[in-house]
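These are my notebook entries on a structure I had not examined before. I record what I looked up, in the order in which I looked.

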Amino acid sequence: ARIVVLVSGSGSNLQALLDACADPAYGVRVVAVGADRDGIAGLDRATAAGVPVFVDSVAAYPSREDWDRALTAHVAEHQPDLVVSAGFLKLVGAHFLAAFGDRYVNTHNSLLPAFPGMHGPRDALGYGVKLAGATLFFVDAGVDTGPIIAQVAVPVLGDDDEETLTERIKVAERRQLVTQVGRLLREGWTITGRKVTIGVSDR
Ligand code: GRF
């Protein structure tokens, strides 16, 4: 199966996918990595793995809609079975969602619907929750609102700061991403309203 991964930063989730794909038994190939900016470690990781990259920065296009169309076209060129947003910091538009809405997943570093947005771990600490975690979901038009595929919880410890909690979440998040992307592509999925069903066995 073919995946395109979209990144904006360090790309440690991308790296986990690249590492998993090195084993043929995983059955997945990262066919391209896209970014909304140059000069990020995520692009270097892709290049080091021999994966083609493309960059579509919003500023390079006359409008957000033009950017959305260009991004859609660049992703489509690689004919992915699934598109994975792994720390991609841009909200895609209607055109992208029309093309990939039922096969575009994002990983977020909170237990949604709690703490959507840019600062999941910081907001979880601030609220004082005792469990934090990560959520993999199908992207819809909202911010971190789409149908949930899987969640993983980690404890919040008494001496955590934003950095230590963020790191603990990311370890679990990467593992979940690799497991669930493999599972989705092996078994297939259906989305009915908010309910995601993987495979046929538990339908
Ligand atoms: C992930 O924790 C994701 O949930 C958040 O940004 C992080 C991306 O990290 N939105 P990386 O670039 O994969 O290292």
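**Entry 1: a helix on the sheet.** I began with helix H3 (residues 64-77), which lies across S1, strand S2 (29-35), S3 and strand S4 (82-85) and runs at about 160° to S2. Contact here requires C-beta atoms, placed from the backbone, within 7 Å. The angle is taken between N-to-C directions, from 0 to 180 degrees, with axes fitted to C-alpha atoms, for helices over the stretch in contact. Helices (H or I, at least four residues) and strands (E, at least two) are DSSP runs numbered from the N terminus.

**Entry 2: basis of the model.** I note that this is a predicted model, in which local features need pLDDT of at least 70 and side-chain atom pairs count only at pLDDT 80 or more, while totals for chains, interfaces and linings use all residues. Residues are numbered from 1 along each chain as its sequence is written.

**Entry 3: the sheet.** I traced an open sheet of 7 strands in the order S3-S2-S1-S4-S5-S6-S7, with mixed pairing. Strand S3 (53-55) and strand S7 (148-155) stand at the edges with a single partner strand each, so one side of each has no neighbour in the sheet. From one strand to the next, the twist averages 20°. Two strands pair if DSSP finds at least two bridges between them. I then found that strand S6 (residues 131-138) runs antiparallel to S7 and is joined to S7 by 7 bridges. Leucine 136 stands opposite alanine 150 in S7.

**Entry 4: the ligand shell.** Which residues are closest to the ligand? I listed 15 residues around the ligand, the closest being Ser10, Ser12, Asn13, Gly87 and Asn109. Near means a C-beta atom, placed from the backbone, within 6 Å. H1, strand S5 (104-108) and helix H6 (162-187) each give two or more residues to this shell, and the largest share, 3 residues, comes from H1. The shell divides into 3 nonpolar, 10 polar and 2 charged residues. Ala, Val, Leu, Ile, Met, Phe, Trp, Tyr, Cys and Pro count as nonpolar, Asp, Glu, Lys and Arg as charged, and the others, Gly among them, as polar.

**Entry 5: annotated binding residues.** In an unreviewed entry, UniProt places a "binding site" at Gly11, Ser12 and Asn13; such annotations use the numbering given here, have shortened feature names and may be inferred rather than shown by experiment. I located glycine 11 in the loop between strand S1 (2-7) and helix H1 (12-21), and asparagine 13 in helix H1. Glycine 11 counts as buried because it has 23 C-beta neighbours inside 10 Å. The term buried applies at 20 or more other C-beta atoms within 10 Å, exposed at 12 or fewer, and partly exposed in between, with C-beta atoms placed from the backbone. Asparagine 13 is buried too, with 26 such neighbours inside 10 Å.

UniProt also lists Arg64 and Val92, among others, for "binding site" (unreviewed entry). Arginine 64, in helix H3, is partly exposed, with 13 C-beta neighbours inside 10 Å. Valine 92 is in the loop between S4 and helix H4 (94-100) and is buried, with 24 other C-beta atoms within 10 Å.

Entry 6: Is histidine 108 buried or exposed? Histidine 108 counts as buried, with 24 C-beta neighbours inside 10 Å. I found histidine 108 in strand S5, and the UniProt annotation "active site" (unreviewed entry) covers His108. Leaving aside residues up to four places away in sequence, histidine 108 touches Gly120, Ala134, Thr135 and Asp144.

Technical notes. Two residues are in contact if their C-beta atoms, placed from the backbone, lie within 7 Å.
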